Amino acid sequence: MKIQIINGPNLNLLGVREPGIYGSDSFDSFLPKLRAQFPDAEIDYYQSNIEGELIDKMQEVGFSYDGIVLNAGAYTHTSVALHDCIRAIKSPVIEVHISNVHQREEFRHHSFISAACKGVICGFGLNSYTLAVEAITSQKD
């Protein structure tokens, strides 16, 4: 089973960016633990601050991977292009957020990508990724 994790803008700063919201662990320190929890899955990781590069990566893997875990960051609340890409590919996409976006600023309450995703997980810190990978590994269609 192959799973692609894709993180969007500013998520390269996890561990130093607003630790009260996002925690103090970097994604690089979290990823080996996640891979260890799912030894039968090949979990690849990609991060970009550029919307088009996120789309390119989803198109690259979206017809051959078993699932995509996408934290589009702020693009969640602005990107019709990401929505259209998710609809165009075959791999199921699970939208994740580290924080509970519904407890934050009003503009974060709307997602342009949720309707195109198989599911949405938010508010569980980095464990949101664990829950998403578990959902993909347990519900392969």
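The mean positions of the 11 positive and 17 negative charges of the chain lie 3 Å apart. In this count Lys and Arg are positive and Asp and Glu negative, while His and the chain ends are left out; each charge is placed at NZ of Lys, CZ of Arg, CG of Asp or CD of Glu. The model is predicted, so local features need pLDDT of at least 70 and side-chain atom pairs count only at pLDDT 80 or more, whereas totals for chains, interfaces and linings use all residues. Residues are numbered from 1 along each chain as its sequence is written, and side-chain values use heavy atoms, without hydrogens and water.

Turning to the overall fold, the chain holds five helices and five strands, where helices (H or I, at least four residues) and strands (E, at least two) are DSSP runs numbered from the N terminus. Their order along the sequence is β-α-α-β-α-β-α-β-β-α. The radius of gyration is 14 Å, close to the 14 Å that the globule rule gives for 141 residues, so the chain is as compact as a globular protein of that length. This radius is taken over C-alpha atoms, and the rule is 2.2 Å times the number of residues to the power 0.38. Along the principal axes, the C-alpha atoms fill a box of roughly 35 × 35 × 25 Å.

Of the 141 residues, 47% count as buried; buried means under 20% relative accessible area, exposed over 50%, and partly exposed in between (1.4 Å probe, protein chains only). The accessible surface comes to about 6,900 Å², and 50% of this belongs to carbon and sulfur atoms. These areas come from the Shrake-Rupley method with a 1.4 Å probe; for residues, only the protein chains shown count as cover. Among contacts (heavy atoms within 4.5 Å) with a separation of 6 or more, 76% join residues 24 or more positions apart.

The helices can now be taken in turn. Helix α2 (residues 27–37) has Phe-27, Phe-30, Leu-31 and Leu-34 buried. Seen down the axis of α2, these residues fall within an arc of 110°, so they line one face of the helix; the arc is that of the directions from the helix axis to the C-beta atoms. The face turned away from this buried side carries the exposed residues Asp-28, Lys-33 and Ala-36. Packing partners of the buried residues of α2 are β1, β2 and α5 (127–138).

In helix α3 (residues 51–61), the buried residues are Leu-54, Ile-55, Lys-57, Met-58 and Val-61. They fall within an arc of 160° when α3 is viewed down its axis, so they too line one face. Their cover includes β1 (2–7), β2 (42–47), β3 (67–71) and α4 (80–88).

Helix α4 buries Leu-82, His-83, Cys-85 and Ile-86. Their arc around the axis is only 165°, which puts them on the same side of α4. Arg-87 and Ala-88 are exposed on the other side. The buried residues of α4 pack against α3, β3 and β4 (93–97).

Two individual residues round out the picture. Ser-128, in helix α5, is buried, with a relative accessible area of 0%. Leaving aside residues up to four places away in sequence, Ser-128 touches Val-96, His-97, Ile-98, Ile-121, Cys-122 and Gly-123. Asn-10 is found in the loop between β1 and α1 (19–22) and has a positive phi, near 70°. At 36% relative accessibility, Asn-10 is partly exposed.
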